[in-house]
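Please look over the sequence and the three-dimensional structure below before reading on.

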Amino acid sequence: MRREKRTITQVTDLNGRKHTSSTAIIETFVAHFEQKFQQIQVDEACVKSMVEAGHLRLPEDMKEILDGPLTSEELRCAVDKGEKKKAPGRDGISSVFFQVNWEVMKDDLRKLFSEMFLDRKLTAQQKHGVIVLCPKNTSPVVPADYRPITLLNNDYKIMARIIAGRLKPVLADLLHPSQHCGVPGRTIFEAVATVRDAIAHAERANTPLCVISLDFKEAFDKISHSYLFSVLQSYGFSKGFIDRIKHMYTDVTSVVQVNGNTSRPIPIHCSICQGCPLSMALFTLCLNPFLHHLDQHLQGTQIH
């Protein structure tokens, strides 16, 4: 029953043509994602403006922590954080496999992930993803009506968790005070409370106030890789750390899965992966210069 509900029986392409055969449906999605994930051309002057927006730089003592050797405890923590009911990537290996066999595999796993981390030895297959489609509404018609979720191999996700775990403690020092996502000790409720306090202050002081709500459409998919690497460099991350991220995002491919069938490989030249443990940290770092840029050009209500 569940499978029948998720079956895609037809899709309409960008030219308004309706397709019903399995081959045509898959090719329609492939064409959509090839366009969606093509390289984003950025304005270098705009990038320069963003990276010079005045955000903080990484403390020197944190660089050694980010680039230090991998520990067994760190690896075990990353393995244990894998959710048991998450679908695996194309290799078919679930988180439970690593967790149940930890005692048998721990020495080999540490050697493997140390090479992946320090020597940046990630293969094309490890970076290969499977895009599954989740409908955004009850009656999807075109490919854009589906949200793409990339299923990643678990060894890739473990590596991403290790890097994300090292980044987490420094985010509070790097991110704008109004940025609550991904920062330990901060929650979305603080953002809601700030809006509430601003409105209460305006009413009490009889001050005109305009509240602007911005929503980023397909936010993760619109991140340019060249912008991502430029921003990381502007924070003062080491060359080794940036090269590690570059290697994870270079020569990446995915296939789209429709009704149990998979497409030919699709090159991914932009975006940060939905479903990657590292994606939220990278997104907040990319958004941060924009928040500092707003501080420099917009004067809001100061409520302390």
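**Glutamine 35 and the predicted model**

With a relative accessibility of 45%, glutamine 35 counts as partly exposed, because that class lies between the cut-offs of under 20% for buried and over 50% for exposed. The model is a predicted one, and the points below should be read with that in mind.

- Glutamine 35 is placed in helix α2, which covers residues 22-36.
- Although glutamine 35 and isoleucine 266 are 231 residues apart along the chain, their C-alpha atoms are separated by 9.9 Å.

**The nonpolar cores**

- The largest nonpolar core has 56 residues, and the members that touch the most others are Leu167, Leu228, Phe237, Ile245, Leu278 and Leu285.
- Two or more residues of this core are given by each of the elements α3 (44-51), α4 (60-67), α5 (72-80), α7 (102-118), α8 (154-174), α10 (225-234), α11 (239-249) and α12 (279-297).
- Helix α8 supplies the largest share of this core, namely eleven residues.
- Leaving out residues up to four places away in sequence, leucine 278 touches Ala160, Ile163, Ala164, Leu167, Ile245 and Met248.
- As general background, nonpolar side chains in soluble globular proteins tend to be buried together.

**How α8 packs against α11**

- The axes of α8 and α11 are 12 Å apart, and the two helices pack at an angle of about 150 degrees.
- This angle makes α8 roughly antiparallel to α11, because angles over 145 degrees are counted in that class.
- The crossing in which α8 passes α11 is left-handed.
- On the α8 side the residues are Tyr156, Ala160, Ile163 and Leu167, and they meet Phe241, Arg244, Ile245, Met248 and Tyr249 in α11.
- Sorted by class, the contact of α8 with α11 has eight nonpolar residues, no polar ones and one charged residue.

**How α10 packs against α11**

- The axes of α10 and α11 come within 10 Å and cross at roughly 165 degrees.
- That angle, too, makes α10 roughly antiparallel to α11.
- The crossing in which α10 passes α11 is right-handed.
- Residues His225, Leu228, Phe229, Leu232 and Gln233 in α10 meet Ile242, Ile245, Lys246 and Tyr249 in α11.
- Sorted by class, the contact of α10 with α11 has six nonpolar, two polar and one charged residues.

**Threonine 12 in strand β1**

- Threonine 12 belongs to strand β1, which is made up of residues 11-12.
- The relative accessible area of threonine 12 is 14%, so this residue is buried, since the cut-off for that class is under 20%.
- When residues up to four places away in sequence are not counted, threonine 12 touches Arg17, Lys18, Thr28, Val141, Val142 and Pro143.

- At 23% relative accessibility, alanine 191 counts as partly exposed, and glutamate 190 is partly exposed with a relative accessible area of 33%.
- The C-alpha atoms of alanine 191 and histidine 180 are separated by 7.2 Å, and these two residues are eleven residues apart along the chain.
- For glutamate 190 and serine 178, which are twelve residues apart along the chain, the separation of the C-alpha atoms is 8.8 Å.
- Not counting residues up to four places away in sequence, glutamate 190 touches His180 and Gly185.

**Loop residues with a positive phi**

- Aspartate 251 has a phi near 55 degrees, which is a positive value in a residue other than glycine.
- The loop that holds aspartate 251 runs between α11 and β5 (252-258), and at 64% relative accessibility aspartate 251 counts as exposed.
- Asparagine 259 is not a glycine either, although its phi is positive, at about 55 degrees.
- The loop that holds asparagine 259 runs between β5 and β6 (261-262), and asparagine 259 is partly exposed, with a relative accessible area of 30%.

Terms used:
Residues are numbered from 1 along each chain as its sequence is written. This is a predicted model: local features need pLDDT of at least 70, side-chain atom pairs count only at pLDDT 80 or more; totals for chains, interfaces and linings use all residues. Side-chain values use heavy atoms; hydrogens and water are left out. A nonpolar core is a set of buried Ala, Val, Leu, Ile, Met, Phe, Trp, Tyr and Cys residues joined through side-chain atoms within 4.5 Å. Buried means under 20% relative accessible area, exposed over 50%, partly exposed in between (1.4 Å probe, protein chains only). Helices (H or I, at least four residues) and strands (E, at least two) are DSSP runs, numbered from the N terminus. Contact means heavy atoms within 4.5 Å. Axes are lines fitted to C-alpha atoms, for helices over the stretch in contact, and angles run from 0 to 180 degrees between N-to-C directions. Angles under 35 degrees count as roughly parallel, over 145 as roughly antiparallel, 65 to 115 as roughly perpendicular and the rest as oblique. A crossing is left-handed if the near helix is turned anticlockwise from the far one by less than a right angle, and right-handed if clockwise. Ala, Val, Leu, Ile, Met, Phe, Trp, Tyr, Cys and Pro count as nonpolar, Asp, Glu, Lys and Arg as charged, and the others, Gly among them, as polar.
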